Every structure is written in C-alpha cells, then in structure tokens.
Amino acid sequence: MSRRWNTNCDTLDSAVRELMKITAGTHEVIKERTEMRKYQQENRLRFSQHDREISEVKTKTAITALTTTVTAIAEATHAGFRRTDEKMISWNY
C-alpha cells in the first residue's frame, strides 16, 4: 500500500508540475496578446492621425490649386476687358 501511495503521489506531483508549466505558458501568451493589442491600438491611433494630416494636406493643396486657377481666370478676364477697353478707346479717336 505504501508503494502504491508513493506512486500515486508521484503521479499527482508530476501532473501538478505539468499543470504549472501549462499555466505559466498560458499566462505568457495572455501577456503577449495584451501587449500586442496595446501595440495595435497605438498603431491605429497613429494611422488615424496620419490620415487626418494627409487629408489636411490634400485639402490645402486643393484650395491652393483652386485659388491659383481662379486667380489665373480673373487675370485673363481682366486682361481681356482691358484690351477691349483699349480697342474701344482707339476706335473713338
């Protein structure tokens, strides 16, 4: 009976040690996943910030291009009116 008792204790001890290893491994995996989630969240925030910055740059670029175009059209229209005025003045003399 004593031998059987010792064998059962040894088996139980081995099982508990194996369970401890598995539990430690599980804790390590959970820790890594938590760190990875935090890292992914930081990346999402960073990407979101970059998207906003890119959007602002695109908007500013579009506004600049539109302003340049409107300015060029206004200058061309003004030049056209001035030539017309000059022709009308020269016809009157």
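**Before you start**

Residues are numbered from 1 along each chain as its sequence is written. Because the model is predicted, local features need pLDDT of at least 70 and side-chain atom pairs count only at pLDDT 80 or more, while totals for chains, interfaces and linings use all residues; side-chain values use heavy atoms, with hydrogens and water left out.

**Stop 1: the whole chain**

The chain holds one helix and zero strands; helices (H or I, at least four residues) and strands (E, at least two) are DSSP runs, numbered from the N terminus. The chain has a radius of gyration of 40 Å, well over the 12 Å from the globule rule for 93 residues, so it is more spread out than a compact globule. That radius is taken over C-alpha atoms, and the rule is 2.2 Å times the number of residues to the power 0.38. Along the principal axes, the C-alpha atoms fill a box of roughly 135 × 10 × 5 Å.

**Stop 2: the surface**

Of the 93 residues, 2% count as buried. Buried means under 20% relative accessible area, exposed over 50%, and partly exposed in between (1.4 Å probe, protein chains only).

**Stop 3: L12, V16 and M20**

Select these three residues. Together L12, V16 and M20 make a nonpolar surface patch of about 300 Å². Patches are made of residues with over 30% relative accessible area and no salt bridge, with like charges joined within 9 Å and nonpolar side chains (Val, Leu, Ile, Met, Phe, Trp, Tyr) within 5 Å. V16 sits in helix α1, residues 2-92, and counts as partly exposed at 38% relative accessibility.

**Stop 4: D13 and R17**

R17 and D13 meet in a salt bridge, 3.0 Å from N to O. The term means a side-chain nitrogen of Lys or Arg within 4 Å of a carboxyl oxygen of Asp or Glu, and by this rule the count is one. R17 and D13 are four residues apart in helix α1, which means a separation of about one helical turn. D13 is partly exposed, with a relative accessible area of 36%.

**Stop 5: distances to F81**

Select D51, which lies in helix α1 and is exposed at 52% relative accessible area. Its C-alpha atom is 44 Å from that of F81, 30 residues apart along the chain. Then select R33, also in helix α1 and partly exposed at 48%. The C-alpha atoms of R33 and F81, 48 residues apart along the chain, are separated by 71 Å.

Definitions and conventions: Areas by Shrake-Rupley, 256 points an atom, 1.4 Å probe, with all protein chains shown as cover.
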